[in-house]
Amino acid sequence: MNDVNVSLGGLAGYRSGPTAGPEIDEAVFTIEDLSFWYGGFRALRDITMRIPARTITALIGPSGCGKSTFLRTLNRMNDLIPGVSLSGTVRYHDLDLYGDEVDPVEVRHRIGMVFQKPNPFPKTVYENVAYGPRIHRMASGKGELDDIVEQSLRRAALWDEVFDKLDQSALALSGGQQQRLCIARAIAVGPDVILMDEPASALDPIATLRIEELMYELKETYTIVIVTHNMQQAARVSELTAFFTVDVTEDSQRTGVLVEYDETGRIFTRPSQQRTEDYVSGRFG
Amino acid sequence: MTDTGSGHDIRHHFDELLAEIRQGAVAMGSLVLENTRRLTDALLENDLDRARKVVAADDEVDALYISLEQGVFEVIARQQPVASDLRFLVAITRLLYEIERSGDLVVNAAKGLLMRDGYEIPQAIHGTMARTSALVADLFGKSIDVLADLDGSAAQWLDRLDDEIDDLVGELYTMIGRSSDDLGFDVGMELSRVTRYLERIADHAVNIGEHVAFIVTGSFPGHSSATTDEG
Amino acid sequence: MSKIAATPQVESAVRRRIAQPPARASERLFQLALMAGIAIALIFLVTLLIQVAVRGIPGLSLSFLTDLPSSDPGKAGVGPALVGTLWMLAGVTLVAFPLGVATAVYLEEYARDTRLTRLIRTNIQNLAGVPSIVYGLLGLAFFVRFLGAFTGGRSIIAGALTLSLLVLPVIVIASVEALRAVPNSMRDASYGLGATRWETTRRQVLPAALPGIFTGVILSLSRAIGETAPLITIGALTFVNFFPASPTDSFTVLPIQAFNWISQPQAEFHDISASAIVVLLVLLLSMNTIAILLRRRFEKRW
């Protein structure tokens, strides 16, 4: 079996052959030689990888390795920071994301994002989920909007807990519930991809595990890319893992580079790079 | 879509993986059980075709063994199991070994038949051999059931069934010794080996019961002082 | 190990208040000094208010509020002055509030960090400190003389526009602070959903900043209501015996009317001057209360 869906359900079958990175059929993102600068500071160097559809891909690595920066290039959120520039290409399906005719606002409609600290709007639960569909005019009447809100909350495994609290403040929910609300909010606009930037790092362990279970369900429909500094989470939840680290050049420039990108099982049982081994075994921070 | 509002099923994915592993081990055991019975028929009826089938069927067992081992290894690496989950995964690797060895022993017996182009088991021994192999297959089958049910209390009665087999094995050795002139040296040796294989398979079956007891209770049966606790 | 009979702790456990350590002398001294400071400020304020109230309240009546001023203190009223003040308030709200908020939104949400914008930001701070008479002179030259054809010269419009310029920096500063206080995570969330900058500003940022913006409006209106010098400069009248009927009419305001009366020699005029001040203070108080209530309403929900 060559594609990412492995035999025996969740278990990876024994693979022989060279470790040239995972083989991917349907790539949602194709990144080639991506380098990224904040002003004069090079945050990423020559990143090349392909991210497949309807899988969970984890980006791990020490602080400052550029994994969040990389994630944000996938939906052009870095555009909001003045003075950034990049080289190389980021393709979303066949589209060059940074092409001249591409509208970043529309990009973010198709590629959604969930952030580290749950950030619901200071509005009702309903209004939070309805915000996206409203601005994209996705519903022609209140009934349709109600349906979208309900479906999104169900998909985020939150409906049962809030169906009778839709008009209460979102800020009254617990941290884990707020984060699932943010996921529901992102789902409501009907994206293709959900990017998650350390979505569980502000949550307690039980809430974290519930988010992970939710991700297993979500990946049936959405492509998920998650940045996490919690290696065990990447090990549990993802099918592919990309390990980034900081390269220090002779003139003390610190730049993020991609060291290894492979099936998660492989990364955590027999990585092909020593640096990967050192990082996942906790011998190097 | 599941509406997972309740909090008790938050490692659903992990539970599924563990269930898959257990089912895989049971499936592997069933294959070996089937092959054991196939071998018995081949031996008792001196059927070379069946013997060849026995050898061929073991490929599937080996393939399953390798992929299950790999799977267990990966689950341990990725899921950070503790407590009963960890005991299960560690014990399963030993269990898989017991099953795989049993499978290999069956193949050895079949190959022995094939290499000699078949041999007849004399009337005097036939009945006892039939009975012994039936009991061994039965015991092995029961051990796989114990695995499927995770029955922690089975180790003891599995051991008692083994005692009966050990008695029969003793009888067989005596009979083979007595018939050595009729059998010829080579076949006599081969039958001794086959008897030994049968005894070993029964031992593996008992071990399976002990590993299951460890999974369930955390202690090694028969070694009451050696538990997973300190002191 | 010695065997000590265990004393039954549970039932007879005595609950003791945790004693506060005795305060040091320096701490007490500092505390007293702070309280003295507040007391002094309050004493002055309260004395002033009481004086004004004692002198002014007797003169209050409905007719006082609606009558025209006259040379007879018994018949004089603050009618036109009150109306003029209300016109000023309305004008300032209509002009300075949207202009100020729009400026703040531009500076905080849209403008890039260039030399020009940094220059603008610094100077808005400076403008807030410019003496009000300077605004009066500016208003005289620009609104009264240069745009005389449109404003009608020394008119309500000219006055309202001048006062708007005066309070604009205050509103901009308060609004900028209110916008800055809105966490970026909210903007990120909105952009992440594919919203444009305007949608984000209009639907999320501005509503969240509203309490802070209202504070700025309260502050600026409170300042505007009491301004005398710039209005005199642009030519508000000191003696008005008619009610202004249109924005291009001349006018007066309460502080000016009070000033006019206190300049008269008769003591009765001083009394009604105090009454006018009471009216002004009541107006100020009710404005502030309304604004605070409005602000609470937007704040309390979340």
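Predicted model: local features only at pLDDT ≥ 70, side-chain atom pairs only at ≥ 80, totals over all residues.

Biologist: Is Lys142(A) buried or exposed? And what about Asp146(A)?

Modeller: Lys142(A) counts as exposed because its relative accessibility is 54%. Asp146(A) has 30%, so that one is partly exposed.

Biologist: Which residue does Arg154(A) pair with?

Modeller: Glu150(A), in a salt bridge with the closest N and O atoms 3.0 Å apart. Arg154(A) is partly exposed at 28% relative accessibility, and Glu150(A) is partly exposed at 26%.

Biologist: OK, over to chain C. What do Arg180(C) and Glu108(C) do?

Modeller: Their side chains meet in a salt bridge, 3.2 Å from N to O. Arg180(C) is in helix α8 (residues 156-181) and Glu108(C) is in helix α4 of chain C, so the pair ties together parts that are 72 residues apart in sequence.

Biologist: How many salt bridges are there over all chains?

Modeller: The search finds 30 in the whole structure.

Biologist: And how many of those rule-based salt bridges cross the interface of chain C and chain A?

Modeller: The count there is 0. What the rule does find across that interface is 5 residue pairs in polar contact. On the chain C side, α9 (184-192) and α10 (197-226) each supply at least two residues, and α9(C) gives the most, with 7 residues. By class, that side has 6 nonpolar, 7 polar and 3 charged residues.

Biologist: How much area do chain C and chain A bury between them?

Modeller: About 1,800 Å², with 64% of it on carbon and sulfur atoms. The contact takes 16 residues from chain C and 24 from chain A.

Biologist: Where is Thr200(C) found?

Modeller: In helix α10 of chain C. Thr200(C) counts as buried because its relative accessibility is 0%. Its side chain makes a polar contact with the side chain of Ser190(C), at 2.8 Å. Beyond its sequence neighbours, Thr200(C) has contacts that include Tyr131(A), Arg187(C) and Val205(C).

Biologist: Last one: at what angle do α4 and α12 of chain C cross?

Modeller: Roughly 150 degrees, and their axes come within 8 Å. Ala81(C), Leu82(C) and Thr85(C) in α4(C) meet Leu254(C), Pro255(C) and Gln257(C) in α12(C). That contact has 4 nonpolar, 2 polar and no charged residues.

Definitions and conventions: Residues numbered from 1 in each chain as written. Chains lettered and ligands numbered in written order. Heavy atoms only, no water. Axes fitted to C-alpha atoms, helices over the stretch in contact; angles between N-to-C directions. Helix = DSSP H or I, 4+ residues; strand = E, 2+ residues; numbered from the N terminus. Contact = heavy atoms within 4.5 Å. Nonpolar A, V, L, I, M, F, W, Y, C, P; charged D, E, K, R; others polar. Buried area = accessible area lost by both parts, 1.4 Å probe. Salt bridge = Lys/Arg side-chain N within 4 Å of Asp/Glu carboxyl O. Polar contact = N/O pair within 3.5 Å; in protein donor to acceptor, adjacent residues only side chain to side chain. Buried < 20%, exposed > 50% of the residue type's maximum accessible area, 1.4 Å probe, protein only. Lists of a residue's contacts leave out its neighbours within four places in sequence.
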